[in-house]
Amino acid sequence: PSRLAPLHRMSGGGWKLLALILAVWAACAWSVRSSCGCGNEHTLQGALGELSSSLGRVLGGAQTADDLVGSMTQGLTRLGESCDSRLTSAICHTSCWIAGRELQRKLWWACFKGSLGRGAPSESSASASESTADPASRRVAWPHLVGATVSAAEEIITSDRPDLQVVVVPADAMVTADVDKARVRIFTDGDGRVAQAPSVG
């Protein structure tokens, strides 16, 4: 009962302010439901339809497989960055809750709890946090390097992520299918330029 006492003492203006804050929060969450993945189009049927459409564009020549992979990589990168944000995770959790998308709501709640768990670094990890504070230090893809020279791409990737091994291979070369989180492959065309978006793996 003592915890509820402040609520009983709230004036009419206080309740109005609280209602206004909640209304603005709900309106903001509802307005971004598509970008949060809980709009009307984000159903299993919608996802299968989008995948079928993308494959149709690739097979029809309207889009290259490299472009498709690059856009998917960009999307996953943005999703990972959003999941690391407490504010974005909280807004998207509210958005999916309002939209009734239970699976997406649970995923955003997991992101929110994970971002809280990462919280403020301890003293023992202070030096490690300095090295990871820069967003570039967590970069997993470099779509903006498509068309750049291989040497420039190598320099940028090594600068962003000195912990990675950069491997240059021709675009038409056969490569192993293994995934290596410590490697970035740069696929190069005949002119010595980056043919597709380099990414970790």
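Visitor: Which residues is valine 200 in contact with, leaving aside its neighbours within four places in sequence?
Guide: In this predicted model, valine 200 is found in the segment after β2, the strand that covers 183-188. Once its neighbours within four places in sequence are left aside, valine 200 is in contact with Arg139, Val140, Trp142, Arg161, Leu164, Asp180, Lys181, Arg183 and Val184.

Visitor: What distance separates the C-alpha atoms of valine 200 and aspartate 180?
Guide: Aspartate 180 is one of the residues in contact with valine 200. Along the chain these two residues are 20 residues apart, while their C-alpha atoms are separated by 7.3 Å.

Visitor: Arginine 139 and aspartate 160 meet in a salt bridge, but which parts does the pair tie together?
Guide: The side chains of arginine 139 and aspartate 160 meet at 3.2 Å, taken from N to O. Because arginine 139 lies in the loop between α7 (126-132) and α8 (150-160), and aspartate 160 lies in helix α8, the pair ties together parts that are 21 residues apart in sequence, namely that loop and helix α8.

Visitor: Is aspartate 160 buried or exposed?
Guide: The cut-off needed here is that buried means under 20% relative accessible area. Arginine 139, the partner of aspartate 160 in the salt bridge, counts as partly exposed at 29%. Aspartate 160 has a relative accessibility of 16%, and therefore it counts as buried.

Visitor: How many residues apart are glutamate 102 and arginine 105 in their helix?
Guide: The side chains of glutamate 102 and arginine 105 meet in a salt bridge at 2.7 Å, N to O. Glutamate 102 counts as partly exposed at 41% relative accessibility, whereas arginine 105 is buried, with a relative accessible area of 19%. Both residues lie in helix α6 (residues 102-118), where about one turn of the helix sets them 3 residues apart.

Visitor: Which aspartate meets arginine 161 in a salt bridge?
Guide: Arginine 161 is buried, with a relative accessible area of 11%, and it is among the residues in contact with valine 200. The structure holds 3 salt bridges, and in one of them, at 2.9 Å from N to O, the side chain of arginine 161 meets that of aspartate 163.

Visitor: Which backbone oxygen does the side chain of serine 95 reach?
Guide: Serine 95 is found in helix α5, residues 86-99, and at 0% relative accessibility it counts as buried. Not counting residues up to four places away in sequence, serine 95 touches residues including Val32, Arg33 and Cys36. At 2.8 Å, its side chain reaches the backbone oxygen of alanine 29.

How values were computed: Residues numbered from 1 in each chain as written. Predicted model: local features only at pLDDT ≥ 70, side-chain atom pairs only at ≥ 80, totals over all residues. Heavy atoms only, no water. Helix = DSSP H or I, 4+ residues; strand = E, 2+ residues; numbered from the N terminus. Buried < 20%, exposed > 50% of the residue type's maximum accessible area, 1.4 Å probe, protein only. Polar contact = N/O pair within 3.5 Å; in protein donor to acceptor, adjacent residues only side chain to side chain. Contact = heavy atoms within 4.5 Å. Salt bridge = Lys/Arg side-chain N within 4 Å of Asp/Glu carboxyl O.
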